[in-house]
Amino acid sequence: MMEEAGLNLSGFLKNLAARGIENQRKESEEAGGPPDYIGEDGLLYCGKCHTPKQTILTGELFPEPLKVATTCKCRQEAEERRKAEEQARADMEQIKRLRINSLMDEKFRESTFDTFRQTKNNARNLRLCRRYAEAFPEMVKKNQGLLMYGNVGTGKTFAAACIANYLLDRKVPTVMTSFVKIVDSADLKNRETANAFISRLNRARLLIIDDLGAERGTDYALERVYDIIDSRYRARLPMILTTNLTVDEMMKCSDIRYSRIYDRIFEVCYPMEFKGTSWRKAEAARRFDDMEKFLEGTL
Ligand SMILES: [Zn+2]
């Protein structure tokens with residue numbers, strides 16, 4: 001009985017091995033290229049990479065050594081390349097979807113640490129922002145956000161967008177929007193849709209909201225701003241906020257509608273000051289200089 005079963009199994013394996021070798025022969029015929037050959041050890045070798053396409057199996061299962069098909073080196077490498085390409089395509093698709101869901105303005109797509117124009121005023125912030133992005137998993141663990149404050153045009157939004165793009169490229173769900181957009185959005189019209197909207201925002205690992213303080217100052221708008229920040233805080237998910245307000249203004253604010261918002265922010269957001277002449281002003285001054293030189297014929 002046992003012997004019969006053993007014979008059957010061995011016959012089955014032999015059959016399987018023979019089929020594998022036959023398939024291999026057909027495939028290599030179809031592929032063309034330099035023909036395979038039998039090596040000194042009696043095994044089939046790949047004509048292209050000169051590594052074996054067969055191996056001998058021995059052991060308890062095999063009453064006699066069994067020749068089976070195996071993958072040669074060039075074929076293995078081709079398979080690995082195909083898998084890597086497939087993975088890269090899947091990654092690209094995922095990043096594309098994340099970008100669509102990021103709500104990010106088209107104009108910030110190209111804001112990256114590589115295109116960050118470094119000046120003596122922003123060198124430190126550039127370093128800090130890069131460090132923040134690189135250490136993001138740790139920042140999530142610590143529920144650590146950033147508060148980027150400073151005058152208009154000092155590059156806060158650009159810096160925040162650099163972090164967003166860095167993370168999106170690494171498949172970290174990130175949303176970047178502004179307080180004005182949020183408060184004006186139809187999603188916030190009533191409490192129910194507002195709650196759904198906020199939980200959607202909280203699916204992002206990082207939420208970046210631009211321009212705190214620029215939103216309408218109605219009670220309703222401020223309630224929603226508080227809800228968004230508070231729910232983020234409770235979910236222990238980091239946020240980056242930008243504002244033209246000074247830390248002093250925020251600290252000394254006596255209006256409870258605002259101060260409870262600011263208190264939450266200071267608890268979880270590290271304040272980072274952006275200084276220097278407005279980039280827009282600097283750009284205007286440069287254009288003025290260029291034009292002056294041009295008109296005077298010195299350019
Ligand atoms: Zn090969």
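This is a predicted model: local features need pLDDT of at least 70, side-chain atom pairs count only at pLDDT 80 or more; totals for chains, interfaces and linings use all residues.
Q: Leaving aside its neighbours within four places in sequence, which residues is I163 in contact with?
A: I163 is one of the core residues that touch the most other members. Skip the neighbours within four places in sequence, and what's left is a list of contacts. Those contacts are C129, Y132, A133 and I240.

Q: Are α7 and α8 roughly parallel or oblique to each other?
A: Find helix α7 at residues 191-201 and helix α8 at residues 219-234; their axes come within 10 Å and cross at roughly 40°.

Q: Is the crossing of α7 and α8 left-handed or right-handed, and which residues make the contact?
A: The handedness comes out as right-handed. On the α8 side, the contact is made by R224, D227, I228 and S231. By class, the contact has four nonpolar, one polar and two charged residues.

Q: Are α8 and α10 roughly parallel or oblique to each other?
A: Helix α10 covers residues 256-268, and its axis comes within 10 Å of the α8 axis, crossing at roughly 20°. α8 passes α10 in a left-handed crossing. Angles under 35 degrees count as roughly parallel, and therefore α8 and α10 are roughly parallel.

Q: How many charged residues are in the contact of α8 with α10?
A: From α8 come D219, L222, V225, Y226, I229, D230 and Y233, while α10 brings R257, Y258, R260, I261, R264, I265 and V268. Sorted by class, nine of these are nonpolar and no polar ones turn up. That leaves the charged ones, and the count is five.

Q: Is P65 buried or exposed?
A: P65 sits in the loop between β3 (54-57) and β4 (66-69). Not counting residues up to four places away in sequence, P65 touches I56, L57 and T58. P65 has 9 other C-beta atoms within 10 Å, and 12 or fewer is the cut-off, so P65 is exposed.

How values were computed
Residues are numbered from 1 along each chain as its sequence is written. A nonpolar core is a set of buried Ala, Val, Leu, Ile, Met, Phe, Trp, Tyr and Cys residues joined through C-beta atoms within 7 Å. A residue is buried if 20 or more other C-beta atoms lie within 10 Å of its own, exposed if 12 or fewer, and partly exposed in between; C-beta atoms are placed from the backbone. Two residues are in contact if their C-beta atoms, placed from the backbone, lie within 7 Å. Axes are lines fitted to C-alpha atoms, for helices over the stretch in contact, and angles run from 0 to 180 degrees between N-to-C directions. Helices (H or I, at least four residues) and strands (E, at least two) are DSSP runs, numbered from the N terminus. A crossing is left-handed if the near helix is turned anticlockwise from the far one by less than a right angle, and right-handed if clockwise. Ala, Val, Leu, Ile, Met, Phe, Trp, Tyr, Cys and Pro count as nonpolar, Asp, Glu, Lys and Arg as charged, and the others, Gly among them, as polar. Angles under 35 degrees count as roughly parallel, over 145 as roughly antiparallel, 65 to 115 as roughly perpendicular and the rest as oblique.
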